[in-house]
Structures are given as structure tokens and as C-alpha cells.
Amino acid sequence: MAGNRGRGRSQFTFNVDTLRFGRGDSLPTSAHTPSPLFPPMQFRPVPLHTGEEVDYMLALKQELRASSKNLPFHIKAARTKTDVARYSDKYQNGEPKYNCIEWSPDWSRMPKELCIKVQKTRKTGAKPQLTQKPKVAARKEEVLQKLETLEKREQEQHSEEEEDEEKKKQNEEEEEEPDEDYDEEELEDETDYIISYFDNGEDFGADSDDNMDEAVC
Amino acid sequence: MTTQEVRLCGLLLQEHFGNVVEKVGTHLIRSGVLTLRALAHETKLPLDLVKKSLCVLVQHGMCTFGAGRRGPAGPVEYRINCEHVFHMLRYPRYIYTAKSLYGDTGELIVEEILQRGHMTMSSTVKTVADRLTHNMPEGQSMDYSEVVSVFSQLVETHFLQRCPPLASAGSSSSGAVDTPLPVATQPTEPESHPDCYKLPYINLTGQLLQSKHSSHTKKLFSGQPLCGDDDGIYWQVNFQRFHLHFRDQAIISAVSCKLDQSSSEIVRTMLRMSEVTTPAHAAFTQALSANEIFRALLSSYNIARPILDQYLSLLVDDPMEFVGKTGDSGGGMYVVNLHRALANLARATLESVVQERFGSRSARIFRLLLRKRHLEQKQVEDFAMIPAKEAKDMLYKLLSENLVQLQEIPKTPDYAPSRTFYLYTVNQLPTARLLLQHCYKTVGNLIERRLYETKENKRLLEKSQRIEAILASLQATGAEAAQLTEVEEMITVPERQQLESLRHHINKLDSSENQVDETIFLLKSYINSTQASR
């Protein structure tokens, strides 16, 4: 201890021979920094297994990863609003809602407190077809109406009233079917702007040229 | 749960179920047991999102719930089953095994059930038949009865099992008495249910027909459509059975590497015969007589009776101790030593890891210490026949990596260093655990690197996907070759090379994950088997 320092200064308490270095030798340098993150390897690693089995399992793994993103079990959080609330947000596609679940589990196997409303899957087949015809007719009528207002200025007030009535009827239809495609919003609103005016530009170049609703600069 | 295990669970959950479920899952693993309100409060997520995530986890069997500490009257508590999350790493192996045993139909059945957690028999059969019919050429279709027969085979060999019934609180399905929720600490074992492997009777005659005329495949039913007679009976994959199968495969391949093909066939026959009679964590199989083995051997192996006896005595005498002799009746009673085989396989894994990382001489020292248990430094140098200086270096390196431990034996009550023996030793079980944690860390690193590579090249990947979509649509509408080449040229040559190297890297990382998972399986089986035998 402290008392022995003067007397047995050059004595070591353990058998020095086992450590294989003499008294005069310099000790190995102490490390001043943490060990490197990627230390150089002394031996190269053995190559991976190859073969038909390995390739098949690799393909399976990548397929499973891709397909699990499309299953309803993959829950995405809502996109946080970046800076300002934009007018175009109103016309964006429906983002995943929190309060409904996209698949129907067996609620008897789950605790009651986890029960959430099951979102009815949008039937893209039957429904829009039925409502498409009156809508198409309504669209044509509205176009004709607009032409009439332009041509006959004297009857302007009268035809505007007619337009308002039709739009109100369409609004009533809207409220009954909240899950329609958003094409209806073109007709619903009183603005003259068309939908692609508010486009984010994400679909630029990918849409076909047949879309007549494209905003022409 | 160790840090590495929690990190790996988080990465796996994120890959399959997204960020929200990952956040909920990792928090629940770290906290142990939580109620719904506490979980929502601590993760600061909206309550509905937490509910959805818990639904997903319960559906896949990764989360269990039960009456909490306050008894049945209190709120329900949830806990995560980490082992189940790690099984997600092994899904490709399960699916490939099902394919090799039961063909494409079996592969698709197992894949569907794995992806959905648990399903009823009728919905599985219907989905699988649909998928098979889509892949078949026009006009052919898959009969439901074929799928049902493969499903029954999977259940008979115990690869699929019924989900255990819940004594659900609140629902009066179990009759007049409201049975309380099971205590969260004791999950009901699926095998404790007597009807675990009983197939329900469903009325399934029919098949999907593809109409040849219309461009969309209209589905017509011939015969009776599926009816849901088996509502409420859910089937899940029996992971334990798959693991037993993998263990058997490992033993058989080890025997064929060490000895030869015929002895591996004999061991395969012995294991097959004792498949159903041996409990899961048994140390050895039931005793089989040589006569029985001879009768059960397939004639294609062409092994005569005296040759079989010679092979059996060879197997018994082998130092790896795969097969042991327990008696002489019936031509000799033989068992397969499962626990010892697993221990030897784990030991071989440890030795090969040391060899590949530190060189063959360090591996020699490691093997020496495994065999001789405790050795002084001088003795190590002598037995390993390595010069003193190098032996000292290697020993200290292994010591710093924690693969070798130092045991002090004092001669005097004060631990004076000059009067103490310092012995080097290797303990197989703690070293196996250490290596298992290294493996978890490795897989976590591989996944993170893959995510990083994908993120770095996101723009390029998106561009190539868009161009492929454009090409596909152009080809569908029958464009000229000039247009196609024009579109293909939108990706420049260096970009193409970059894409190619990216694909190569991702394939390598994925393949490495699969291979590390094999090591994880081996080490985990050894650790479980040792703990069960204690």
C-alpha cells in the first residue's frame, strides 16, 4: 500500500514470468480512443451458401416483404401537415382514417375494448355504374345550361336559378353517398376551377392524354 | 429482453407492419405488461391507432392478453411474445419446407396462414384455390377437394393446429357461467385442447372455372360454393413442429457429413418412426429395436440386415454420440440422442466461429479448452504445441472477446497473485448465449444496412419502377420496338450499373439474414434443450 512505496518499489506482487515481459520492457501503449467502428479484419469471411434452395428462399423473402406492405395489417400513420394548410388538401384522396379498421377480425377472440368500426370496402364495381348515368346526364345538362346562359343574357337570372336547384339536388345526392369517387366534387362545388388545378404535380407525365380535365396553362 | 433482441423485434415489426405497430410493439416489450390506456398515454399515439396495432399483433399471435394484476374486474393487460416476433425472420424457411413436403399447394396454404396470422379452413382453401387457378393456363382450374386433402395432410402431420379457444370475458358463448379471462401469465397451450388436430367438416365441393371468352376472368362456380360451417375454428401454423423438423434435418445432414449417406438414411428412418411418440423437448427418442428399424427401412435404400447392424454399431461408437444403445432385446435397442446431438452441433458452430474469426491455431486452443475444461497458461502452450508468445497473444485475444474465461484458484486466503492459480476455461452454455446475442445484433445490423441502402437510392429505384410501369403499359397496348427502346434509354448506363449493384447488395444482405437465422435456430434449440433437461 502507501507505506510500502519507499521500500519495495520495484517489486511486483505477482509472478512476472507468466506475463512474459521483463522489468525493463515498455508496457504496451494504452488506448486513448475507443476502438474503431469497423476494425480491419484479419481473416476474410467465408462466402455465403449458394444453390437452388438458397435462391428460392431469397426470392420468397423479398416477395413476402413486398406483399406485406399491401396487406391491411400494414398500418401507416397519417402524413403530418408540412407547413400551411393548403386549399388542395380538401381534394386529396382519403387518407387512412384512424377510427376504422380495414379488415374484419373475429371480435370474439379479442378483448372487447379493442373493438373498432370495420370500414366497409368500397365496392368499385356496382355502385358507380348505377350513379354514373344520372351524373352523366346532369353533366350534359349543366354544360347546356351554361351555353344557354352565355347566349341568352336576358334569361340569365332565370337559368342561374335552375343551376342552383340542380346543384342542390346533386348536393343532396352527395350527402346520401359519402363514399363516392371524388370526381363528384367537380360538380358539387361552385367554383369554376377543375380538379387538376390543385394537382400536386405528383402525377405529372403519368396520366394519359385523354383526360379532358387537365388544366391547360 | 436484451437490447439486441428488442432492437431486432422493432426492426422486424417495422418491416412487416409499419412504423406505428413498431412503436407500440417496442414500447410494450420494454415495459413488459401494460394496459391499453397506459400504452396509449406513454406512446402518445391516438387511442384508435393503438387499438388497431394491438388488433394486428393479437391477430398474428404475437401479443397475448389476459386479466391483469387487479383481477378479472380490472383492465385487460397485454404482453408481447418476443419469440413469435423472431419467427417472422424464418417465414421463408417454413414456406420452403412446406413446399418440399407437400408441393405448391402446401406452400401456398402455409404462406396464406403465416401472412394472416390465423384463418378458418374454408377461407384458406378458397384463397389458395383462387391463387392456384390464376396461375394455371386458361381453361384449367383447381379443385377444392385437392386443396382440402393437402390441408388435411398438413393437420395430420401436426404442421397446422387449431388456435386455442379463449375463455372470453363478456361473451356468453360458453353457456350460463361467465368464465373469467385466463390469467395473463399462463397462456393456454394449444396442445392442451383435445380437439387440437381435429378437422372440421365443411361442405366443399366445387371449383373455380375460368371463362375462356371474356378478357377478365369471370368466376363461375360449378357445384356447391363454400359454406362457413367452420366459423370460429381458426388454424395457425404449429411452429414447434416445424422446429422439430428442422432439428431432425440438421441431425441427418450432420450424420451424412460425418459418416455417409446410408447411415444418414438409417438415422432418418429412426427419426421418422419416433416422430409422433417423442415429446417435444425429450433428450432422446423412444427406444427402437433393430428389427423394427430394418422393417421400416425403405427398400430403395437397399441395406441388408447384417449391413444395418454394422452401421448401427458404427453410429454408436462414433464420438459424436448421435445414436446410443440402450439394450439388447430385439436385436439391440437404439435411441437417437437428441440433446447430445444438439449440443455437439452447437459446439461445432462455436468452434467454426472461432476458427473463422481468429484463425485455426486459436481454434485449436479453443477446442483444447472445451475438451480439457481448465488449463493453466503453460499447459495451454504445451498441449496446443504453439510457441509461448503466440499462444499468450491468442489466449488474451479470446479472453478480451469473452469467449474464454479466467478462473482463479487461490492457494492462500488472501488472493495474492503470486500464490494463485489462474486457469483458463470455456463454458459451452454461456458462450452459446453470447454468440446468440451476437447473431441478433448481426441480423439487426444487416436489416439496418439494407434499409439504408434502399433509402440512399430511393430516387433511382422510384425512377426505375416508373419506367417499368410505362414499359408494361406500352407493351400491353402494342407499341413499336422503337418506342420501347426510347423508353428504356431513359435510364442511362451508369444508372443501370448503379441499379444492378444495388440489387446485388440487397440480395447479399437478404441472403446473409437467412443464413444467420439458421445459426440462431441451432443455438436457440441447444439452449432450450439444455434448459428443459435441467
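**Note on the predicted model of chains A and B**

1. B:R450 is buried, its relative accessibility being 3%. This comes from a predicted model, and the values below are computed from that model. The side chain of B:R450 meets that of B:D510 in a salt bridge, with N to O at 3.2 Å. The two partners belong to distant parts of the chain: B:D510 sits in helix 20 (residues 493-533) of chain B and B:R450 in helix 17 of chain B, 60 residues apart. B:D510 is buried as well, at a relative accessible area of 0%. Since the cut-off for buried is under 20% relative accessible area, B:D510 at 0% and B:R450 at 3% both fall below it.

2. What else does B:D510 pair with in a salt bridge? Its side chain meets that of A:R65, with 3.0 Å from N to O. B:D510 therefore has a partner in chain A besides B:R450 of chain B, while its own relative accessible area is 0%. Which residues are joined into one network by salt bridges that share partners? B:D510 is buried, and the network around this residue joins A:K61, A:R65, B:E15, B:R450, B:D510 and B:E513.

3. In residue terms, 47 residues of chain A are in contact with 64 residues of chain B. In terms of area, about 5,100 Å² is buried between chain B and chain A, and carbon and sulfur atoms give 61% of this. Of the area that chain B buries against chain A, 13% is supplied by B:K52, B:Y96 and B:Q115, more than by any other three residues. The size of an interface is often given in this way, as the accessible area lost when the parts come together.

4. For specific pairs across the interface of chain B and chain A, the rule finds two salt bridges. Polar contacts across this interface come to 14 residue pairs, counting pairs with both residues at pLDDT 80 or more. On the side of chain B that touches chain A, the classes are 27 nonpolar, 19 polar and 18 charged residues.

5. Over all chains, the salt-bridge count is 29 by this rule. Side chains of opposite charge can pair when their charged atoms come close. One of the pairs within chain B is B:R449 with B:E453, whose closest N and O atoms are 2.9 Å apart. Why are these two separated by about one helical turn? Because B:R449 and B:E453 are four residues apart in helix 17 (residues 428-456) of chain B. B:R449 is partly exposed, at 42% relative accessible area, whereas B:E453 counts as buried at 12%.

6. A further pair in chain B is B:K99 with B:E107, a salt bridge of 3.6 Å from N to O.

7. Chain B as a whole has 20 helices and 14 strands. Of its 534 residues, 49% are buried. Taking contacts in chain B between residues at least 6 apart in sequence, 64% join residues at least 24 apart.

8. The record gives residues 8-66 of chain B as "domain: RNA polymerase III subunit RPC82-related helix-turn-helix". That stretch is 75% helix and 12% strand, and its end C-alpha atoms are 25 Å apart. The record gives residues 350-426 of chain B as "domain: DNA-directed RNA polymerase III subunit RPC3 winged-helix". Over residues 350-426 the chain is 56% helix and 18% strand, with the end C-alpha atoms 11 Å apart.

9. Two backbone angles may deserve a look. Most residues other than glycine have a negative phi. B:H158 has a positive phi, near 70°. B:H158 lies in the loop between helix 8 (144-156) and strand 5 (160-162) of chain B, and counts as partly exposed at 27% relative accessibility. B:M385 also has a positive phi, near 55°. B:M385 is placed in the loop between helix 15 (377-384) and helix 16 (388-400) of chain B. With a relative accessible area of 68%, B:M385 is exposed.

Terms used. Residues are numbered from 1 along each chain as its sequence is written. Chains are lettered from A and ligands numbered from 1 in the order in which they are written. Side-chain values use heavy atoms; hydrogens and water are left out. Contact means heavy atoms within 4.5 Å. Buried area is the accessible area (1.4 Å probe) that two parts lose on being put together, summed over both. A salt bridge is a side-chain nitrogen of Lys or Arg within 4 Å of a carboxyl oxygen of Asp or Glu. A polar contact is a pair of N or O atoms within 3.5 Å; within protein, one must be able to donate a hydrogen and the other to accept it, and residues adjacent in sequence count only if both atoms are side-chain atoms. Ala, Val, Leu, Ile, Met, Phe, Trp, Tyr, Cys and Pro count as nonpolar, Asp, Glu, Lys and Arg as charged, and the others, Gly among them, as polar. Buried means under 20% relative accessible area, exposed over 50%, partly exposed in between (1.4 Å probe, protein chains only). UniProt positions are given in the numbering used here, feature names are shortened, and annotations may be inferred rather than shown by experiment.
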